[in-house]
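Colleague: I am new to reading models of proteins, and I would like to go through this one feature by feature. Could we begin with how the loops are described?

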Amino acid sequence: MNLTRAQTGNQTGFGLVELMIAMTLGLILLGGDGYLYIGSRGAFRPKDNLSRIQENARFALDMMGRDIRMAGYLGCGNLASMKVTTIANAPVPPMIPGNALIGYDAGAGWTNPTAIPTAIVRIAGTDVLSVMGAFSSGVNLAGNLIPQNANVQVNGNPDGFQANDVLVVTNCVNADVFRATSVSSGGGITTVAHASSSNTGNRIGTYGTDAFVMRVDQYSYFVGTNPGGNPALYRVGLSGNAEELVENVQDLQIRYGLDTNGDGAVDSYSNAPGNWQQVVSVTLNLLMRGTDNNVATAAPSVTYNNGTFNAPDNRLYQVFSATMGVRNRMPPM
């Protein structure tokens, strides 16, 4: 039987050859897009890693530099110009000029702290720096120190003083360092007790309302391995808890400028000074590494610490240096 065109309908579609050509063209376009993505990604990774390196280094140098400049600070004077008495029990070190800034070349003589929840171990060969001073804005006394008393009263608690904090009360002539055993507030007045259980006694010097109270700490900076297995810059205070500041710090080396004749200017440099009271400047040398491996085409080599550092992987590495003056040892301008 013969069917007319109207009876069969007008059927159209792709043939096998046409379908294969379309698929081939699609694969070519998809491959081109993939090539462009891989190329863009390859160009982005080095820039992203370099940006992270620079950001991390800037933060690390800023944090360390701020504390270095404030080493020995006690509000309106420094350790060399005031009579300072420390009654807080160990492990609080006596607040004397020699403890304001101490370095440990390659970590020699420094005790690794116990952090919570695990111990953060310093990386061998890296330097350690400890700085001590008052690191809060301070609050004026409200009473209870004329005559001597077992607690001090301050106007409010803007610095958030807590029990076990190490504090200093000073009037710019005398200063007493003690550990707070309790802190209580009421009626706009905060009372800070300093019982003999955490101090050599519960009495400090006589001060008026012109004196003020500040928080004291001794910060130690070191490079250790974090729980993720990466080298990181840590800061540990008198509490003994290590705080990770920034990741991918490969090495820290420190050099000190010494004033040997008392004029405030640097006369010589040393990696391990014999007299820490002569240190008037600190040069920090950081070796930073990128986050991602296999960014460089080969393991790079960089000049660092008067030698050559040969990288163990294909990350990006960069050296950063900065010099800070210890302000409380510099002569007045």
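Modeller: Helices (H or I, at least four residues) and strands (E, at least two) are DSSP runs, numbered from the N terminus. Here Asn248 lies in the loop between strand S12 (242-247) and strand S13 (249-258). Please keep in mind that this is a predicted model, in which local features need pLDDT of at least 70 and side-chain atom pairs count only at pLDDT 80 or more, while totals for chains, interfaces and linings use all residues. Residues are numbered from 1 along each chain as its sequence is written, and side-chain values use heavy atoms, with hydrogens and water left out.

Colleague: What is the phi of Asn248, and is Asn248 buried or exposed?

Modeller: Buried means under 20% relative accessible area, exposed means over 50%, and partly exposed is in between, with a 1.4 Å probe and protein chains only. Asn248 has a relative accessible area of 4%, so it counts as buried, and its phi is positive, about 65°, although it is not a glycine. Asn305 also has a positive phi, of about 55°, without being a glycine, and it is found in the loop between strand S16 (301-304) and strand S17 (307-310). With a relative accessible area of 45%, Asn305 is partly exposed.

Colleague: Which cysteines does a disulfide join?

Modeller: A disulfide is a covalent bond between the sulfur atoms of two cysteines, and the search counts a pair of cysteine sulfur atoms within 2.5 Å. Across the whole structure that search finds 1 disulfide, which joins Cys76 to Cys172 with an S to S distance of 1.4 Å. The pair links distant parts of the chain, 96 residues apart, with Cys76 in the loop between helix H2 (16-69) and strand S1 (83-86), and Cys172 in the loop between strand S6 (166-170) and strand S7 (174-179). Because the torsion about the S-S bond of Cys76 and Cys172 is about -110°, the disulfide is left-handed. Cys76 is partly exposed at 40% relative accessibility, and Cys172 is partly exposed at 32%.

Colleague: Which residues touch the most other members in the largest nonpolar core?

Modeller: A nonpolar core is a set of buried Ala, Val, Leu, Ile, Met, Phe, Trp, Tyr and Cys residues joined through side-chain atoms within 4.5 Å. The largest has 41 residues, and those touching the most other members are Ile68, Leu101, Leu129, Leu233, Tyr256 and Val282. H2 gives the most to this core, with 7 residues. A second, separate core of 17 residues includes Val92, Val168, Met214 and Val216.
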